[in-house]
Amino acid sequence: MKIEEVKSTTKTERIATHSHVKGLGLNEAGMADPVAAGFIGQEKAREAAGIAVDLIKAKKMAGRAVLFAGAPGTGKTAIALGMAKELGPKVPFVPMVGSEVYSSEVKKVEILMENFRRAIGLRIKENKEVYEGEVIELTPEETENPLGGYGKTVAHVIIGLKTTKGTKQLKLDPSIYESIQKEKVSPGDVIYIEANSGAVKRVGRSDTYATEFDLEAEEYVPLPKGDVHKKKEVVQDVTLHDLDIANARPQGGQDIFSMMNQISKPKKTEITEKLRMEINKVVSKYIDQGVAELVPGVLFVDEVHMLDLECFTYLNRALESTLSPIVVFATNRGMCTVRGADIISPHGIPVDLLDRLLIIRTTPYSVEEMAQVIALRAKTESIEVDADALVLLSSIGERATLRYSLQLLTPASIIAKTNGRSNIAAGDVEEVDGLFFDAKSSAKLLAEQAEKYIT
């Protein structure tokens, strides 16, 4: 007799660079805890980001922009992702990189505008009247065909619906009977009918019939609770970009050739400004009527120095429009040339745009903080590290960069496993450090052996 253990089939999430970030790690008073929510250090930057999150939640920060400025590997992207986690899944968060705007098919400003529209959410609330229940009676009433002939037409249909509270008989239009036939509804099925549109949806078979057959391909559903006639509030979350796409798609003819043309040419079409203006008008009308609510999200532009002067000029205008999200920029540049112009400016951003930004600075990590970050990443990646190996990794981080020492974790664990150990020792780290070069030592080597390389 053989007994095997059944392994769980739950999907394990892949470990990414920022898998350990769970939020900004702020307490009730909005102060940053030194170690919280996957963050270590950067208290000032996190507190500033926390204030920005509160402004976004209070809907008082539309059209504002924040810039994270700091050296590479100081956690700019991590703080932006922490902001996204704090805002929750309902607020749109759109990350993009500065170099994404350069495309051979679409204009630069068009890609920027598209991402702007993606970052603005719209929560549409709709009250629907529905009749739902188990069908207990379905009788079409026929009359003589008014056009003459032998055939008879359906005048109306009597349908009986049953819920846990009671039953109701409805007299329905013949057009609804057609949709009932399309859905293949028979007595014993649970259906719902929308009162304003007359749409019929078959939910499944009532579970009172579940024991009818031994094998059954049907989906059984419980008897609906409450009255047959109900009022439901349906909440839908869409972005303005979704609305643009839905209205911009050219609706070709129904013949096979136009269908094939649409499939074979999935080219990215530019959405015109006129169409956007029309959609904005409709959205504004919905908001005034109280049907919809605007949810300004966050557009995160990493490596913002990659944008050129044309994009920056466009951003000045886009930030001032009424429908504008909160824009978060990040850059690791100091004084450098603005792309597309011969101007030297801080962070590679023109001064007139810098004037509109709140700048949050991220500071380099100390050796102690590096050790904590490495320990946290090791825990996230399920790697055991000895104390002396941790000290060695943090000193490597100080000599080279934090990113380099974090990248040594996995190769060191492979060497440890090869040597028959489950935890990383200092010797494994030394061995891995000898195998690989960091950027600084590689640059030093290139400078020393410049004559051996082609320049």
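## The chain as a whole

In this predicted model, the secondary structure of the protein chain amounts to 15 helices and 19 strands. The chain has 455 residues, of which 40% are buried, and its accessible surface is about 27100 Å², with 54% of that area belonging to carbon and sulfur atoms.

The contacts can also be sorted by how far apart the two partners lie in the sequence. When contacts between residues at least 6 apart in sequence are considered, 67% of them join residues that are at least 24 apart.

Helix α2 covers residues 76–87, which makes twelve residues, and the distance from its first C-alpha to its last is 17 Å, close to the 16 Å expected at 1.5 Å a residue. Its buried residues are K76, A78, I79, A80, G82, M83, A84 and L87, and just after the helix G88 takes a positive phi of about 90°.

Two packed helices are described by the angle between their axes and the distance between the axes. For α1, which spans residues 43–57, and α2, the angle is about 35° and the axes are 10 Å apart, while the crossing of α1 past α2 is right-handed. On the α1 side, the residues that take part are A45, R46, A49, A52, V53, I56 and K57, and they meet I79, M83, E86 and L87 in α2. The residues of this contact divide into eight nonpolar and three charged, with no polar ones.

## Helix α8 and what covers it

Helix α8, which runs over residues 309–320, also has twelve residues, and it reaches 17 Å from its first C-alpha to its last, close to the expected 16 Å. Within α8, the residues C311, F312, Y314, L315, N316, A318 and L319 are buried. The elements that cover these buried residues include the strands β3 (65–70) and β14 (326–331), together with the helices α3 (108–118) and α9.

## Two loop residues with positive phi

E303 lies in the loop between β13 (298–302) and α8, and its phi is near 50°, a positive value in a residue other than glycine. With a relative accessible area of 28%, E303 is partly exposed.

H347 is placed in the loop between β16 (344–346) and α9 (351–354), and its phi, near 60°, is likewise positive in a residue other than glycine. H347 counts as buried because its relative accessibility is 16%, and the cut-off for buried is under 20%.

G188 is found in the loop between α4 (174–182) and β8 (189–194), and it is buried, with a relative accessible area of 0%. Leaving aside residues up to four places away in sequence, G188 touches E134, V135, R205, S206 and Y209. One of these, V135, is 53 residues from G188 in sequence, yet the two C-alpha atoms are 5.4 Å apart in space.

I414 belongs to helix α13, which covers residues 409–418. I414 is exposed, with a relative accessible area of 53%, and its C-alpha atom is separated by 8.9 Å from that of I424, ten residues away along the chain.

Terms used
Residues are numbered from 1 along each chain as its sequence is written. This is a predicted model: local features need pLDDT of at least 70, side-chain atom pairs count only at pLDDT 80 or more; totals for chains, interfaces and linings use all residues. Side-chain values use heavy atoms; hydrogens and water are left out. Helices (H or I, at least four residues) and strands (E, at least two) are DSSP runs, numbered from the N terminus. The expected span of a helix is 1.5 Å times one less than its number of residues. Buried means under 20% relative accessible area, exposed over 50%, partly exposed in between (1.4 Å probe, protein chains only). Contact means heavy atoms within 4.5 Å. Accessible areas come from the Shrake-Rupley method with a 1.4 Å probe; for residues, only the protein chains shown count as cover. Axes are lines fitted to C-alpha atoms, for helices over the stretch in contact, and angles run from 0 to 180 degrees between N-to-C directions. A crossing is left-handed if the near helix is turned anticlockwise from the far one by less than a right angle, and right-handed if clockwise. Ala, Val, Leu, Ile, Met, Phe, Trp, Tyr, Cys and Pro count as nonpolar, Asp, Glu, Lys and Arg as charged, and the others, Gly among them, as polar.
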